[in-house]
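Subject: Structure handover

Hello,

Here is the structure you are taking over. My notes on what was found in it follow below.

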Amino acid sequence: MKNVAVPFQPTISTPPVSVPKYEEVAQSHTSSVSILIAGAAGKGLKSLENVLSDAFKQSGYFVFSTKEYMSRVRGGSNTTLLRISDGPVNAPCWHVDICIALDADALTHVQERLRDDTIVLADDEVTHEHISITNVPMLKVAKEIGNVNYMNSYASGILFGLFGLDKNILTQSISTFFHEKSEQENKESMLKGLEHTKSLINLQLPKLPKPLPHLTESMHLMDGSSASGFGFLAGGCNMITSYPMSPSTGVLNFMASMSKEFTLLVEQSEDEIASLNMVLGGWYSGARAMTSTSGGGFALMSEAISLAGVSEIPVVIYLAQRPGPATGLPTRTEQGDLNLAIHSGHGYFGRIILAPGDLQECIDYGYLAFELADRYQTPVIYLSDQYLADSIGMLKTVDFSHYEQRRYIQPTTHSYNRYTLTDTGISPRGVPSLGEGIVVSSSHEHDERGQSTESYQIREKMVEKRKQKIALTVLEAYKPKVMGEGNIALISWGSTKCIVSEVIKMIDDPRLFHVHFMWVYPLNPDHLDILKATQTNIIIENNVTGDFESILKNHGIAIAHKILQSNGFNFFTDQLKVELKKIIKDIV
Amino acid sequence: MKHPLDRTDTNIAWCPGCGNFGILRLLKEVLTELELDSQDTVIVSGIGQASKTPYYINTHMFGGLHGRALPVATSIKFSNPLLNVIAEGGDGDMYGEGGNHFMHTIRRNPNIVHIVHNNMVYGLTKGQASPTSQKGFTTAVQTEGVKSEPFNPISVALALKAGFVSRVNIGNYSHAKTVLKEAFLHKGYALVDIFQPCVVFNKINTYKWFNDCTYELESNHEKSNLISAMSKALEEAPIPIGIFYQHEHQTFEKSIRKNTENALYSLTHDLKKMQTLFERY
């Protein structure tokens, strides 16, 4: 077979890649309006979210949206929260300014999120003994146009009309998202909603912030799944083998859509065991492969992670967390799988666990996941969760030419040994047919050639080799991001980043600052000095036991307070503010 | 007996007289006679006595997990379609632990050769029943004899319309060689189920038993006829050996890679295109 060139062959001695340094986006809006839309599954909430996010962005606003939904395809009650502001906003609130309920059950579902002054719009047929409702004929109009599902576009018209925004922008957004499926009907329904707002002039609406189209125009609107997907593509991913599982399927769908554009195998495997074994076969023969899953599927991959450990094959696993145990709450969110990610797989071997906290980090760490896996020939687990994967936010343009394309594989010579002992513990990684050598990959304890051995002397050397690799990854660990300064540190990891940032801004207490971890395992003890020097450490985690807190404690960090939650929701800024204020008022 | 494909300095861990020795020799001879370069050939195996085979033959190899050779082999073939890929293991590995992958690999149809050493017993774990053990076979675990129906890999593969379905008996060496060569020449998934005796743990299905209880498919057997292949596959005493069915259809890697066969390690994505796609958001 003719040998073909490998794009760029760095070695472990080549300096690590750097990702572009970008300015940390402060949660710097001055005012915002929150809108909660509630309705049954199948009633077009997702379309409405897409249309409104786009239309508000085109109107010059910063937009953030997130959803909570039941594990059913039709019926039930789901919500989409939209926040519109004059600056970056990337976190959800519990109480809302405006609520649109598409049916009576939806209103009951959201009633705890309404304040006395929340404006509630609902269909004519919806009544409630305690909630003051502004009724609009959305069901009637939608039926007249031909389908109850046009209610969602009616709601979009109501909102644009109430705020007096440019209807042409909304029309364009509807065209974008409904082209080829009832575009005209949706436009007609929207216009009816818009028209109806003329009769609602007495409503005391919250004031919209000032539009800043010169800032929002160049920004990009996407969900966490898409941002992660762009990161994986930037990392050179050319194979994804997965079994669908909420909330990880967004990445699988994204990669499938990209398979039309790039050389990229997207294979739905028969089970998660096959998924990760395919990933191993891919990397062994030179692909950059990944799998996507959630906790239950990840549990099935444990043995294959162990194989990656002993055979020193890189793998990348996108693990989008949802609450367990077992089936748990399939469509909801939690940061509950950190310990599973750290401890999965039998035997002693290293791994790296990354947990991005915003869209930019989703891209950067998607890229880095592949880079690090290849560089250290180790599993990299990328932790997301339903909240981060499904939330839509805005980010600045990313310059993909900055993501250096490396392939840490070496042409082999006749005397090639896959597991050559080196000073660093990293052996040059060959792949079949690139060079003269024979590439032996083994699940057994093996000698340098890869041949099975039971020699205790070789076993000791190979254990030491794998241990050395762990030490190397500790040295490469990225520092936590430290935002602000003070003597009370609020510690976050992964998806809670922007929620904590916003709460710090809301409380506006000079003692508070933020320490955010996106490289969560293994930690470099030197990076924790800042927490050792801080008077009071408070950790915020969306799980029941404080998994990251335990890790920090094992490193000798004193955690004075922890705010934990495990009800299936993400944190909400207004609720978290109250919790934090209670804690810090007693700190002198 | 030395062979150029022997891996040097190895200590073969099979019992004297094991049927695996014959299969090892068969594979080396077929690779040599078909002039398949060892540097372009990968053998993927799982766990078991049969799965030790690639440790004794000097090609690329991937020693994987119990039952998981097929998904690994499938993705290796996709990553580099120019490689000759073999998935090899025993009846417990491929039909028991890896049964799910057996079905779905056939559905995908990657161009690989799937060699299954079938001795109707577990060797590595010392003598328990395998999925292909015959009813009544007694072991330390199946003390009153096997109660389950034996797994018939040939009829299962045919039900899934596998492109190449064959069974041989290592005791009938020249016939086995002819069939294995055909399997390598077939474009697509090719199953070669090889009867071989376990001389330590299976005192029933011996060399003599396999020779006495099998017969070569008639020369007029229609390999392209699925229905007659299935009726042959269901024959139990004696058991036919040979190529039951052969039909080429588009392979997994071809359906995705289209006409490009470049190894994925030689490719990077077009970052400008990525930029354009990002800008659409």
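Strand E10 (residues 289-293) of chain A runs parallel to E11(A), and the two pair over four bridges. Strands (E, at least two residues) and helices (H or I, at least four) are DSSP runs numbered from the N terminus, and two strands pair if DSSP finds at least two bridges between them. Within this pairing, A:Ser292 has A:Tyr318 of E11(A) as its bridge partner.

Before going on: this is a predicted model, in which local features need pLDDT of at least 70 and side-chain atom pairs count only at pLDDT 80 or more, while totals for chains, interfaces and linings use all residues. Residues are numbered from 1 along each chain as its sequence is written, and chains are lettered from A and ligands numbered from 1 in the order in which they are written.

E11(A) also pairs with strand E13 (residues 379-385) of chain A, again in the parallel sense, over seven bridges. There A:Val315 stands opposite A:Pro379 of E13(A). Strand E11 (residues 315-321) of chain A is mostly covered, with seven of its seven residues buried; buried means 20 or more other C-beta atoms within 10 Å of the residue's own, exposed 12 or fewer, and partly exposed in between, with C-beta atoms placed from the backbone. A:Val315, A:Ile317, A:Leu319 and A:Gln321 point one way from E11(A), and A:Val316, A:Tyr318 and A:Ala320 point the other way.

In chain B, B:Asp193 lies in strand E6 (residues 190-195). B:Asp193 counts as buried because it has 24 C-beta neighbours inside 10 Å. Leaving out residues up to four places away in sequence, B:Asp193 touches B:Val116, B:Asn118, B:Pro153, B:Ile154 and B:Arg167; contact means C-beta atoms, placed from the backbone, within 7 Å.

Last, the two chains. Their contact takes 44 residues from chain B and 58 residues from chain A. On the chain B side, H2(B) gives the largest share, eight residues. By class, that side of chain B has 22 nonpolar, 19 polar and three charged residues, where Ala, Val, Leu, Ile, Met, Phe, Trp, Tyr, Cys and Pro count as nonpolar, Asp, Glu, Lys and Arg as charged, and the others, Gly among them, as polar. Strand pairing also occurs between the chains: strand E15 (residues 440-441) of chain A and E2(B) pair in the parallel sense over two bridges. In E2(B), B:Phe62 is the bridge partner of A:Ser441.

Regards

How values were computed
Contact = placed C-beta atoms within 7 Å.
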